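Welcome! Here is a short briefing to read alongside the model, going topic by topic from the whole chain down to single residues.

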Amino acid sequence: MGRNVVVIGGGAAGMMAAVQAAWTGAAVVLYEKNDRVGKKILSTGNGRCNFSNEIMGAQFYHGSGIVLLEAVLAEFGVEQSRAFFESLGMRVRSREGYLYPASDQASTVLDLLRYEMRRKNIAVHTGKNVQNLAYKEGKFVVNSEEKYYDAAILCCGGCAAPHTGSDGSGFGLAKRLGHHIVPTVPALTALRCKEKFYKQVAGVRCDARLTLKVDGNTICRERGELQLTDYGLSGIPAFQMSRHVSYALKKKRKVTVTVSFLPDFDEAVCEAFFRARMKDHGDDEMDVFLTGIVNKKISQLLCRLAGIRETERANEISAPAFERLLRLFCEMETVVIGTNGFDKAQVSAGGIDCNEVTKRLMSKKCPGLYFAGEILDIDGLCGGYNLQWAWSSGAAAGRAAALENEETV
Ligand SMILES: Cc1cc2nc3c(=O)[nH]c(=O)nc-3n(C[C@H](O)[C@H](O)[C@H](O)COP(=O)(O)OP(=O)(O)OC[C@H]3O[C@@H](n4cnc5c(N)ncnc54)[C@H](O)[C@@H]3O)c2cc1C
């Protein structure tokens, strides 16, 4: 007779955990507070669901669980996830390593998980907000109901995109069972900046290199398509650094980002480029001189910030003004005062302290309690890494929860 396993949270991690526990022989019940499972999956990858990435490794993740992550990925990584979805019937498409369902529909991923849960007779209870998870004599009780479970898997997600259901309530359940929570902050979200000039360049997209500095010390560099908005910096390179920004601002540190609008050039190449241009086009007015280097709205902005009028002839601007302009092209500094918050964040950094979890994802505080997905203090970069963590940890926790606790420690 299989074990009774309860899964709390019907997101990516919870559904994977439920299927794997059922495949391993458990009788599985899943509680989801929304009126449907997998709401967040539908908005992933702009509705196409970038569910994994062929280039995988610990370097794409942050948090207290990097050793744990490596162990879990080694057992159920990209290949196993791909094979899992293929076995359910999904054709997979790789776009330069970024994996999507070939249908280009996130709903494919959700539908196949739902069908498999139905096929395995997993009892899915939607509209069920779990407010209390009690542990009595080695058994789990949900919301004081008269049913006892041998194992419970908490998959409530973090605090990001609360409109999809993940409002941080899982942390309260874990805390009451003895766990510590690493403070959660918004990650994979846009950066709000102090300067007022952003309105002039809102909507512009360009290739750029961003360097994040906290109290003047370089934390990381990111290159990619920057999206300028009326409040600051968005797009993948801004998203990738946002977890560091969130933690630094929480500690009241000074956060700046320097933007290079000529990411292929270092300072010397940049200077040589402008000097050569001066030779050929020095007689031109600045608006003509700068045309063709970067997006016109950017060159107009940088010109103004350097204190140069667009009607001035290039070879008549002062040496200090020319220096200022060069520096702005190579490293325009902007002061970051916030992020777009949990509402717009794709994930939350922080969560259950992974030092309190075994490599089978069981609680060291409460035997029989397991965790999977974003509820743990592990957050990945953009590119399929967060869903991969949900699949990997969901599979590990589901399989382990279906077995006796002693075998899994
Ligand atoms: C707009 C957007 C785009 C994204 N795009 C990508 C992408 O392309 N690739 C990628 O890898 N990642 C992407 N992510 C991140 C990824 O979706 C998440 O990291 C992943 O879905 C987390 O899965 P999870 O199961 O741990 O948590 P969630 O998906 O948040 O699921 C948690 C579930 O638990 C339920 N729940 C919470 N508390 C309770 C409770 N007390 N009782 C009952 N149920 C509860 C919630 O309603 C929710 O359904 C994106 C995120 C967003 C918001």
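## The whole chain

Of the 409 residues of the protein chain, 47% count as buried. Keep in mind as you look around that this is a predicted model. The chain has 15 helices and 20 strands, and its C-alpha trace spans about 85 × 45 × 35 Å along its principal axes.

- Take the contacts between residues at least 6 apart in sequence: 75% of them join residues at least 24 apart.

**Two domains**

- The protein chain is divided into domain 1 (4-186 + 345-408) and domain 2 (190-339).
- Taken over C-alpha atoms, the centres of domain 1 and domain 2 are separated by 40 Å.
- Where the two meet, seven residues of domain 1 are in contact with nine residues of domain 2.
- On the side of domain 1 that touches domain 2, there are five nonpolar residues, one polar and one charged.

**The nonpolar core**

- The largest nonpolar core has 124 residues. V5, I8, A18, I153, L154 and Y370 are the ones with the most contacts inside this core.
- Which helix gives the most to this core? It is helix 14 (residues 385-402), with eleven residues.
- Both domains take part, since at least three residues of this core are drawn from each of domain 1 and domain 2.

**Around the ligand**

- There are 38 residues around the ligand, and G9, G11, G157, G165 and G373 come nearest.
- Helix 1 (12-23), strand 2 (27-32), helix 2 (39-43), helix 6 (169-176) and helix 14 are the elements that give two or more residues to this shell.
- Helix 14 turns up here again, with the largest share of the shell, four residues.
- Sorted by class, the shell around the ligand has 14 nonpolar, 19 polar and five charged residues.

- Which residues of helix 3 (residues 66-75) are buried? They are L68, L69, V72 and L73.
- Seen down the axis of helix 3, these buried residues fall within an arc of 125°, so they line one face of the helix.
- What do the buried residues of helix 3 pack against? Their partners are strand 4 (61-63), strand 20 (378-380) and helix 14.

**A closer look at R223**

- To find R223, go to strand 14 (residues 217-228).
- Is R223 buried, exposed or partly exposed? R223 counts as partly exposed because it has 16 C-beta neighbours inside 10 Å, while a buried residue needs 20 or more and an exposed one has 12 or fewer.
- R223 and D207 are 16 residues apart along the chain, and their C-alpha atoms are separated by 7.4 Å.
- Not counting residues up to four places away in sequence, R223 touches R209, P237 and P263.

Technical notes. Residues are numbered from 1 along each chain as its sequence is written. This is a predicted model: local features need pLDDT of at least 70, side-chain atom pairs count only at pLDDT 80 or more; totals for chains, interfaces and linings use all residues. A nonpolar core is a set of buried Ala, Val, Leu, Ile, Met, Phe, Trp, Tyr and Cys residues joined through C-beta atoms within 7 Å. Domain bounds come from an automatic or database domain assignment. A residue is near a molecule or strand if its C-beta atom, placed from the backbone, lies within 6 Å of it. Ala, Val, Leu, Ile, Met, Phe, Trp, Tyr, Cys and Pro count as nonpolar, Asp, Glu, Lys and Arg as charged, and the others, Gly among them, as polar. The arc is that of the directions from the helix axis to the C-beta atoms.
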